[in-house]
Amino acid sequence: MAELDRDVLKQEMTGWRRDLHAHPEFGFEEKRTAAFVAAKLREFGLDDVTEGVGGTGVVGTLKRGSGNRAIALRADMDALRITEQSAAAHRSQNTGFMHACGHDGHTTMLLGAAKLLAAEGGFDGTVRFVFQPAEEWGKGALAMLDDRLMQRFPFDEIFGLHNMPGLPIGHFETRAGPIMSAEDNFEIVLKGIGGHAARPHSGNETLVAACALVTNLQTIVSRRLSPADISVVSVTELITDGTRNALPGLARILGDARSFRPEVSAEIERQMRVIAQGTAAAYNVSAEVTYSREFVPLQNDAELVDEAFAATQGVLAVGVAAEPMTGSEDFARFLDHVPGCFVFLGNGEASVPLHNSSYDFNDDGLLHGTNFHVAIVRQRLGGAAGK
Ligand SMILES: [Zn+2]
Ligand SMILES: [Zn+2]
């Protein structure tokens, strides 16, 4: 069994990460990224590499020994529609797009784990390396599942990670149960009769009604839901067809809602419809509510969380219980099929927030993420079958 030099691997991974960072691609357009991933996996000598799973997804399979259990490790490959503010040599060469969420780091760390496990073994069974497209719009995991991921590349459990600004490098956090929220989107269209700004009583304009509705929507979380249920209702846009000296006959209110249980998501929608109709009636306009569910809540399996803590003893610096986060993650879709565990890995305390236009994954975290993947494989597929 050939032991890989970790310093050499870290250097190599830094090169891959910066190359991926310089060539960001939007969800379902990760052609170069997917080709890069597939070429590396083939170079490492995996048993199978399949491209085009759910659009631009890639699945690598590595088998050792005779064990019949399989675990999946997942990374996301997509970038965001953000213009990068950076003077770094590896800044985005694809204007208007950037890796502002560190998925370049996730892809690289999983490639590092594939290289290390292919070279060193140390497990008995099957590892599936799942590289998914389009995490940011919450469609990539579903696309792979719809392309029969579970039937073509079956596995018993799945692990994933996200880099986390504010958490020290080499530290990780996770928790049993809900860890990341559902994301629902809504649009409320108010219709009345626009008209002259000097004669509001001649029509039924929609702007004052819309402002009242924005305020009333704040009572869903503060007055209709239990304080024990973490949730957020955010109005993010208010658009009207009004103009200087003309009152609007149309107003659109858009926003998103976060919650951790399907029952809470359902109650937010129900209350929103009641409040929208009631407020519209009070202002003599009509309201139409469209409500959609984009991301489901991410629920970690309690037993696998314990396994993650155990596997990382001595591998990563400190593991602590995370608070539930009101961000959302496509990883949750895989957990409809198998139990799994999602963890946060430190990107350093000085890091700017995710989705910031000067975000850059910290290369000092690369080996830690790879070590996490490798440790979990060896913990869950125990046995040293080797090469
Ligand atoms: Zn993101
Ligand atoms: Zn992300």
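Q: Is Trp137 buried, exposed or partly exposed?
A: This is a predicted model, so a computed accessibility is what we can go by here. The relative accessible area of Trp137 is 37%. Buried would need under 20% and exposed over 50%, so Trp137 counts as partly exposed.

Q: What kind of aromatic pair do Phe28 and Trp137 form?
A: Their ring centres are 5.5 Å apart, and the angle between the planes is 90°. Planes over 60 degrees apart count as edge-to-face. The pair of Phe28 and Trp137 is therefore edge-to-face.

Q: How many residues apart in sequence are the parts that Phe28 and Trp137 tie together?
A: Phe28 sits in the loop between α1 (6–22) and α2 (31–43). Trp137 belongs to the loop between β4 (125–132) and α4 (140–146). The pair therefore ties together parts whose separation in sequence is 109 residues.

Q: Which residues do ring pairs link into a cluster with Phe28?
A: Phe28 itself is partly exposed, at 26% relative accessibility. Its cluster includes Trp137, its edge-to-face partner. Along with Phe28, the ring pairs link Phe26, Phe97 and Trp137.

Q: Which residue lies over the face of Phe26?
A: A charge sits over a ring if, among other things, NZ of Lys or CZ of Arg is within 6 Å of the ring centre. For Phe26 the distance from the ring centre is 4.2 Å. The residue placed there is Arg81.

Q: Are Phe331 and Phe334 buried or exposed?
A: These two rings form an edge-to-face pair, 6.1 Å centre to centre with 65° between the planes. Phe331 has 0% relative accessibility, and Phe334 has 0% too. Since buried means under 20%, Phe331 is buried and Phe334 is buried.

Q: Which residues are the protein donors of the zinc ion (ligand 1)?
A: The donor atoms lie 2.0 to 2.6 Å from the zinc ion (ligand 1). They are an SG atom, two OE entries from one glutamate and an NE2 atom. The residues that supply them are Cys101, Glu136 and His355.

Q: Is the site of the zinc ion (ligand 1) tetrahedral or irregular?
A: The angles among its four donor atoms run from 54 to 151°. A tetrahedral site would need all angles between 85 and 135 degrees. The site of the zinc ion (ligand 1) is therefore irregular.

Q: Which residue coordinates both the zinc ion (ligand 1) and the zinc ion (ligand 2)?
A: The two zinc ions are 3.1 Å apart.

Q: How many residues apart in sequence are the parts tied together by Cys101 and His355?
A: Cys101 lies in the loop between β3 (70–76) and α3 (103–120). His355, which counts as partly exposed at 38% relative accessibility, lies in the loop between β16 (340–346) and α10 (366–380). The pair thus ties together parts with a sequence separation of 254 residues.

Q: How many of the 15 residues of α10 are buried?
A: The buried residues of α10 include Leu366, Phe372, Ile376 and Arg380. The helix is largely enclosed by the rest of the structure, because the number of its 15 residues that are buried is 11.

Q: How far apart are the end C-alpha atoms of α10?
A: At 1.5 Å a residue, the 15 residues of α10 should span 21 Å.

Notes: Residues numbered from 1 in each chain as written. Chains lettered and ligands numbered in written order. Predicted model: local features only at pLDDT ≥ 70, side-chain atom pairs only at ≥ 80, totals over all residues. Heavy atoms only, no water. Phe/Tyr/Trp six-rings, centres within 6.5 Å; stacked < 30°, edge-to-face > 60°. Helix = DSSP H or I, 4+ residues; strand = E, 2+ residues; numbered from the N terminus. Buried < 20%, exposed > 50% of the residue type's maximum accessible area, 1.4 Å probe, protein only. Lys NZ or Arg CZ within 6 Å of the ring centre and 35° of its normal. Donors = N, O, S within 2.8 Å, 3.2 Å for Na, K, Ca; no water. Tetrahedral: all angles 85-135°; square planar, octahedral: opposite > 155°, others 65-115°. Expected span 1.5 Å × (residues − 1).
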